[in-house]
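User: Hi! Could you walk me through this model? I'd like to start with the helices.
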Amino acid sequence: MVNAIILSAGQGKRLLPLTEECPKCMLHVAGKSILEWQVQALLAAQIDKLFIITGFNSDLVEEHMRDRFGAEHERIHIVYNPFFSISDNLASCWMARHAMDEDFILLNGDTLFEPALLDTVLRSPPAPVTLTVDYKDSYDNDDMRVELHDSMVKSVGKTLPDEHTNAESIGLLYFRGEGPALFRTQLDRQMKQGDGLRLWFLSVVDTLAKQTLVRACSINGHRWCEIDFKRDLDNAEKIMLQ
C-alpha cells in the first residue's frame, strides 16, 4: 500500500495577480490545473490514497477535486492547514502525519512531471527515504540544493555552498519501510521546538540524510518543472504538451 501527500496550501504570491483568488495549485497548464495533472498521474500509478494539504481558499480546491474526479474522490482526502498563512511546509506535513503509517510519496504542490518520472521513482532501489534529484550546470539561490556521495544524500538545503552542491531536489520523495516512522518522529520533534512553523520539511530530510538514510534517485532526462513564476507556467505548457 502506498499513499501520496501533496502539499498545496500556499497562495503562490509570486504569481500575483493570477493567484489573487485562485490557489496556485489550481492555475491551469495545458488545459488542466496543476493539481489535476498531479492527481491523474498518482491515480494512474495505483496510489491507494491521496491526501491534499490545502490552505488558501481550500473550499475551491475541494470543489475542484469533486468536479474533476467524481467517484475517484473517495480516494482523495482534503486536509486543511489552518497555519498556511504564517508557516512553511513543515507544518503542512505535520497536518498529514496520520497518512504516514504506510509507505508514501510526498510531493510539492507546484511540481509537474511526466508519468514516466513517477514510475522511475516507484521502481527505485529500496531505501527509507528516496529523494528525487536532477542535475544542471549551475544552481541559484532558489534551488533546493543537494550534496551527494555516490548515490546517498549527505545534505540538502537552499544555503549549501556551490562546492558542495551536486544536484537539486525536484520536490518529490518516496518513504518506504522504516522511513515513514522515522520521518514522522523527526517531524514531531521539530514541530515541538518552537520554530516549526518557519521550517521546510526538507530540514527533516537533511537530518535523516546525516544518518545515511536518504538515497538519491536521478530523474535526469525526464520532463518536469517547478512553478514559481509566470515564466514557469509558460515553460510548463511546453513540457506537458510534449
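Analyst: Happy to. Buried means under 20% relative accessible area, exposed means over 50%, and partly exposed is in between (1.4 Å probe, protein chains only). Helices (H or I, at least four residues) and strands (E, at least two) are DSSP runs, numbered from the N terminus. This is a predicted model, where local features need pLDDT of at least 70 and side-chain atom pairs count only at pLDDT 80 or more, while totals for chains, interfaces and linings use all residues. Residues are numbered from 1 along each chain as its sequence is written, and side-chain values use heavy atoms, with hydrogens and water left out.

User: Great. Which residues of α1 are buried?
Analyst: They are I34, L35, E36, W37, Q38, V39, A41, L42 and L43. That makes nine of the eleven residues in α1 (residues 34-44), so the helix is largely enclosed by the rest of the structure.

User: And what comes just after α1?
Analyst: Q46 does, with a positive phi of about 65°.

User: You listed W37. Which charged end sits over its ring?
Analyst: That of K32, 4.3 Å from the ring centre. The rule is that NZ of Lys or CZ of Arg lies within 6 Å of the ring centre and within 35 degrees of the ring normal. R97 has its charged end over the ring of W94 too, 3.7 Å from the centre.

User: Switching to S92: where is it, and is it buried or exposed?
Analyst: S92 is in helix α3 (residues 89-95). It counts as buried, at 4% relative accessibility.

User: What does the S92 side chain have a polar contact with?
Analyst: With the side chain of N81, at 3.0 Å. A polar contact is a pair of N or O atoms within 3.5 Å; within protein, one must be able to donate a hydrogen and the other to accept it, and residues adjacent in sequence count only if both atoms are side-chain atoms. Leaving aside neighbours within four places in sequence, S92 is in contact (heavy atoms within 4.5 Å) with L7, A9, I53 and N81.

User: Now the strands. How many residues of β11 are buried?
Analyst: Nine of nine, so to speak a mostly covered strand, spanning residues 167-175.

User: Which strands pair with β11?
Analyst: Pairing takes at least two DSSP bridges between two strands. Strand β6 (residues 103-108) runs antiparallel to β11 with four bridges, and there I105 has Y174 as its bridge partner. Strand β8 (residues 129-134) is antiparallel to β11 over five bridges, with V133 partnered by S169. Strand β9 (residues 145-149) is antiparallel as well, with two bridges, and V146 stands opposite A167.

User: How many aromatic pairs are there?
Analyst: Four. Rings of Phe, Tyr and Trp (its six-membered ring) pair if their centres lie within 6.5 Å; planes under 30 degrees apart count as stacked, over 60 as edge-to-face and the rest as tilted. F175 and F183 make a tilted pair, 4.6 Å centre to centre with 45° between the planes. Both of these residues are buried, and together with F104 they form one aromatic cluster.
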